[in-house]
Amino acid sequence: MRVQRDGRQVTVTVTADGDDQTVNHVGAALLAETADRVRLTRALSDGLAGLRQRRAGHDPGRVVRDLAVMLADGGDALCDLRALRDQSALFGAVASDATAWRVIDAICEHGLLDGLRRARAVARERAFGLGARPAGLLEIDVDATLVTAHSDKDGATGTYKGGFGFHPLLAYLDTPDLPAGGMALAGRLRPGNAGANTASDHTRVVADALEQLPREVVENADILVRCDSAGATHELLDFCRDGALRFSVGFDLTEAVRRAILALPEQAWTAALDQDGTPRDNGQVAEITDHLDLCGWPHGSRVIVRRERPHPGAQLSFTDHDGHRFQAVLTDHPETDIAALERRHRARARVEDRIRAANDCGLTNLPFRDFDANAVWLELVLIAQDLVFYTQTLALDGELARCEPKRLRYRLLHCAGRLAFHARQAVLRLPRSWPWAGELAAAFARLAALPAR
């Protein structure tokens, strides 16, 4: 092998006789430490204590934590747990693939999926107390995604897009004031043929999301549920009204809506806003509540519409008019500035970033044949996203607190180091030439400075 040094090619001799002090995936230990600091590991152990058959065996809660760390670190199958198991000096005793499978199988057999969710809620309350809490209005975004199955699995069916797999429904807490951007709350695994606008599924996911938030937050904070037009169902909006939740959902362009839009005078339109609050060059908004019969919807419901000219090359549909494309929003928020209301609803597009990160943390590969086991895997994916969010919020800053999992792995999680032991002390030495070595060392120091577990 030849490498470059000082502009010259140098021949490298490769041997396999190095010492055992070099460790890999050093940054992944940051995720494990975060799980301990926010009390997630302890809560998982408590919730799964009944599964531990002997004291000498692996703690099921610790096994679940290691699986979540593995997913956040880029793994997507049980066999990837070896990346942690081969670094025992850094991660301790890590369960075998067979043991990890038995833990997942036992969770299914004993119906302990809710135990995982309760453990996540305990950790979230702790993280909120440490500062990982958004300010102001809490916005819960609900959206579905498709997961392709490449073999015959329980629950895998044809999807509405002509594929084959699953159709999970997910809920995230949007956190625009925190660098990490969004927090995983809840998810429900569904067959591939599950309806996009199944109201019962939406209400269950929103209820699960509320269970993830501390009680005092749910009781005292203003909460807005955002969804696309799949959420415009009477059952979901009545559920929101009964729970004192605001809602903002997409609204179909029915014939009555189109007539109301076309009846608006030009002066009824006002400039839409970009996410930074400045007027958009292309886009206007108007309210058509007074032109519609909304008596079947919760009292105080309003309809805001936006029109814009499509980008060059886009094709208009037969429902568009005068070169404009229209979208409508049904909401009960009392905000008087309709441009701000429409901008807030449009911000729900950030949920796509959260789903993309979930796909990068193991969601694209539901590895088991059994549906319940894959439902547990989905919960592990959400735990992995929790760990990334808490680590970025509590221990990182700048660009590292914002970057998505793939870049975070390259810069921090997969960094190598040298672990030296002396006089009952251990020192982890990071390569001084690595551009982010200082940030990684500072992140470990920030975690160590948090209040005791």
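Trainee: How many helices and strands does the secondary structure of the chain come to?
Mentor: In this predicted model, the chain has 16 helices and 17 strands.

Trainee: What makes the radius of gyration of the chain agree with a compact globule?
Mentor: For 453 residues the globule rule gives a value near 22 Å, and the chain has 25 Å, so the two agree. Along the principal axes, the C-alpha atoms fill a box of roughly 80 × 60 × 45 Å.

Trainee: Why is T391 called buried?
Mentor: Buried means under 20% relative accessible area. T391 has 2%, therefore T391 is buried.

Trainee: Where is the place of T391 in the secondary structure, and which residues does T391 touch beyond four places away in sequence?
Mentor: T391 belongs to helix α14, which covers residues 371–395. Leaving out residues up to four places away, T391 touches L30, L31, T34 and L396. Contact here means heavy atoms within 4.5 Å.

Trainee: What percentage of the residues in the chain is buried?
Mentor: By the cut-off of under 20% relative accessible area, buried residues make up 50% of the 453. The accessible surface of the chain is about 21,600 Å², with 48% of that belonging to carbon and sulfur atoms.

Trainee: What percentage of contacts between residues at least 6 apart in sequence joins residues at least 24 apart?
Mentor: Among those contacts in the chain, the share is 67%.

Trainee: How many positive and negative charges does the chain have, and what distance lies between their mean positions?
Mentor: There are 56 positive and 62 negative charges, and their mean positions are 7 Å apart.

Definitions and conventions:
Residues numbered from 1 in each chain as written. Predicted model: local features only at pLDDT ≥ 70, side-chain atom pairs only at ≥ 80, totals over all residues. Heavy atoms only, no water. Helix = DSSP H or I, 4+ residues; strand = E, 2+ residues; numbered from the N terminus. Buried < 20%, exposed > 50% of the residue type's maximum accessible area, 1.4 Å probe, protein only. Rg over C-alpha atoms; globule rule 2.2 N^0.38 Å. Areas by Shrake-Rupley, 256 points an atom, 1.4 Å probe, with all protein chains shown as cover. Lys, Arg positive; Asp, Glu negative; His and termini not counted. Charge placed at Lys NZ, Arg CZ, Asp CG, Glu CD.
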